[in-house]
Amino acid sequence: MKRIPVTIISGYLGAGKTTLINRLLSEDHGLRLTVLVNDFGRINIDESLLQDANAQTIALSNGCVCCTLGEDLTAALHRILAEENHPDHIVIEASGLSDPVAIANTVVNEAQLSYGGIITVTDGENLSDLLDDDLLRDQVSQQIRAADLVLISKCDTLSNAVIEQLNALGARTPTLLESAPLADLLFDVLPLPVGRTGAKSAHHSYATWHHRSNEPMDRCRLGDKLANRPDGLYRMKGFVLTNGGGYELHVVGRQVSAKRCEAEETVLVALGPAARISREDIEDWWHS
């Protein structure tokens, strides 16, 4: 039986992994894809953000793969392999907190799968801030070092500073994420052996928060709230129902994006380093 190739999409919180996969799913590549989604919160927002109803999507447990997902990932892969009609390619969207090498080791241990490499999406706008942050630097660096291909998102041109930082980390093939077709770029990677990144550095603890409500929020109040976010809240995403309609919300560090969407309820997840913020801090801010 022909082995099914597996590509792992890695990258820190808010780097653009789901956007990348949506672009891939919208392309006319003729491949039957299965996407496994691992989000950091109890509510799997990323699964809702994937826009291609023709692709099979499997939501994995919340949390980071290195800590909690091993059995769930293995069970999902076995379920795919047991199906009569196999996909042409499996794509795993890793949580922004996960260790891509741990996922790769799970794939390599399955004889019916072919390891297709780790693609790490790097946030060109926030990379310098992340690498300057003592709490976040090691985790971001590890995901970059693990990559067989580094894709730089959220910038139109490559700055010398970003290139120098990536080269200093030993990034392999840093490439600007442009409008060219993705399938050939992602699926033509020649992966290096798994485990080449050295000793794994454990990341710091994160405070996570989730919220679900059917009650609309005043749109002006939402704007004020987002403008006065608590220090330490790095990532927030989901859907907000307001008296002016629904919004798809993304907070990444200092950047905030809210665009119109259809929403029947408010569904949100958020997190930040536990040394800087707590779940109670996020809860108090949201309900203030």
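Visitor: How many cavities of 30 Å³ or more does the count come to?

Guide: This is a predicted model, where local features need pLDDT of at least 70, side-chain atom pairs count only at pLDDT 80 or more, and totals for chains, interfaces and linings use all residues. Residues are numbered from 1 along each chain as its sequence is written, and side-chain values use heavy atoms, with hydrogens and water left out. On a 1 Å grid over the protein atoms alone, a cavity is a set of points where a 1.4 Å probe fits but cannot get out; grid points are joined across faces, edges and corners, and a volume is the space filled by probe spheres set on the points. By that rule, the cavities of 30 Å³ or more number 2.

Visitor: Which strand gives the most to the lining of the largest cavity?

Guide: That cavity has a volume of about 80 Å³, and 13 residues line it (lining residues have an atom within 4 Å of a point). With 4 residues, the top contributor is S5.

Visitor: And how many residues of that lining are nonpolar?

Guide: Ala, Val, Leu, Ile, Met, Phe, Trp, Tyr, Cys and Pro count as nonpolar, Asp, Glu, Lys and Arg as charged, and the others, Gly among them, as polar. The lining has 4 polar residues and 1 charged, and the nonpolar ones come to 8.

Visitor: Why is strand S10 largely enclosed by the rest of the structure?

Guide: Buried means under 20% relative accessible area, with a 1.4 Å probe and protein chains only. S10 covers residues 245-252, and it is largely enclosed because the buried ones among its 8 residues number 7.

Visitor: Which residue of S10 is the bridge partner of Gly238?

Guide: Two strands pair if DSSP finds at least two bridges between them. S9 (residues 235-242) and S10 run antiparallel over 8 bridges, forming a hairpin with 2 residues between them. In S10, the partner of Gly238 is Leu249.

Visitor: Which residue takes a positive phi in the hairpin of S10 and S11?

Guide: S10 also pairs with S11 (residues 255-261), again antiparallel, over 7 bridges. Val251 sits opposite Val256 in S11. The hairpin has 2 residues between the strands, and the one with phi near 60° is Gly253.

Key: Buried means under 20% relative accessible area, exposed over 50%, partly exposed in between (1.4 Å probe, protein chains only). On a 1 Å grid over the protein atoms alone, a cavity is a set of points where a 1.4 Å probe fits but cannot get out, and a pocket is an open set with protein on both sides within 12 Å along at least five of seven lines; lining residues have an atom within 4 Å of a point.
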